[in-house]
Amino acid sequence: EVYWTTEGETKTTTTMDFRQPTITAYKMAAIIYLTDELIDDSAFDLTNVLIRRFAERVAEEEDHVIVNGAGATRPTGIFVNATVPTRNCTATGLTFDDIINLIYDLPVKYRSNSRFLIHPNLVRELRLLKDGNNRYLWQDSIAPGQPATIYGYPVIENYWCPVTQIAFGDYKQGYWLGDRQKLTVKVSTDNTTSFTQDKTAIRVVARIGGDVIIT
């Protein structure tokens, strides 16, 4: 807390409370074997192609767990964390009022950098919503690569979102994703399978943790 004071007055001392959230790191990994003949006969560097593809898959899986990770053996997603406040739609289904209430459920200090997070199948329903003056809430992107907006807030589509739910918030503050071990790659022939079958193993490993910190 802070306090008002006057000239020469002794200042009031204050305290601060901290809590220590625990984010558990989980491991994701994969191994693929390629025959030496396949590597030798390829017209391009097959090993590097596979490594790049593994990096893409790791990034896609991070998108998955941030949104809908089940916890236990992987990070906990935004839609799975039970401490995140929710509200139900009106009995008639999604309405203009529901979107407005969702925006104003969030404390004002978090709104400036907030975004809607939705499943792509919800786009049609959101595009049909109108305000009291019969104006559509949905505004198409003003430039390539820029998201559409609702009431000026960007809309991010993610196939891992539940099709019956919409999230709204400042995810950079609310969700922490910790990379304990960046993607590491080992290309090896030093194992029994590789030695006896003339194969090369490509192994990738990454360790990440994540959870909602500010609900």
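Which side chain of opposite charge is nearest to E62, a residue that is buried yet has no salt bridge? It is K182, 6.7 Å away. Here buried means under 20% relative accessible area, exposed means over 50%, and partly exposed lies in between (1.4 Å probe, protein chains only). A salt bridge is a side-chain nitrogen of Lys or Arg within 4 Å of a carboxyl oxygen of Asp or Glu; Lys and Arg count as positive and Asp and Glu as negative, while His and the chain ends are not counted. E62 is found in helix α2, residues 46-68. Helices (H or I, at least four residues) and strands (E, at least two) are DSSP runs, numbered from the N terminus. Leaving aside neighbours within four places in sequence, E62 is in contact (heavy atoms within 4.5 Å) with M28, L177, D179 and I208.

This is a predicted model, in which local features need pLDDT of at least 70 and side-chain atom pairs count only at pLDDT 80 or more, while totals for chains, interfaces and linings use all residues. Residues are numbered from 1 along each chain as its sequence is written, and side-chain values use heavy atoms, with hydrogens and water left out.

The largest nonpolar core has 20 residues, of which I99, F116, L126, I150 and I166 touch the most other members. Such a core is a set of buried Ala, Val, Leu, Ile, Met, Phe, Trp, Tyr and Cys residues joined through side-chain atoms within 4.5 Å. Two or more residues come from each of α3, β2, α5 and β5, and the largest share, three residues, comes from α3. Apart from this core lies another, of eight residues, among them I78, L117, A167 and Y175.

Helix α3 has D98, I99, I100, L102 and I103 buried. The buried residues of α3 pack against α4 (108-111), β2, α5 (123-127), β4, β5 and β6. I150 touches I99, F116, L126, L137, W138 and V155, not counting residues up to four places away in sequence.

Next come the strands. β2 and β5 pair in the parallel sense over three bridges, where pairing requires that DSSP finds at least two bridges between two strands. I118 stands opposite E157 in β5. β4 and β5 pair in the antiparallel sense over two bridges, and the bridge partner of T149 is P154 in β5. β4 and β5 form a hairpin with two residues between them, and Y151 in the turn has a positive phi of about 55 degrees. Y151 is not a glycine.

The structure holds four aromatic pairs. Rings of Phe, Tyr and Trp (its six-membered ring) pair if their centres lie within 6.5 Å; planes under 30 degrees apart count as stacked, over 60 as edge-to-face and the rest as tilted. F96 and Y151 have ring centres 6.3 Å apart and planes at 75 degrees, so this pair is edge-to-face. The pair links distant parts of the chain, with F96 in α3 and Y151 in the loop between β4 and β5, 55 residues apart. Y151 counts as partly exposed because its relative accessibility is 43%. F116 and F168 form a tilted pair, 4.7 Å centre to centre with 40 degrees between the planes. F116 is in strand β2 and F168 in strand β6, 52 residues apart, and both are buried. F116, Y153 and F168 form one aromatic cluster.

A positive phi, near 55 degrees, is also found at D198, a residue other than glycine. D198 lies in the loop between α7 (192-197) and β8 (199-212) and is partly exposed, with a relative accessible area of 40%.
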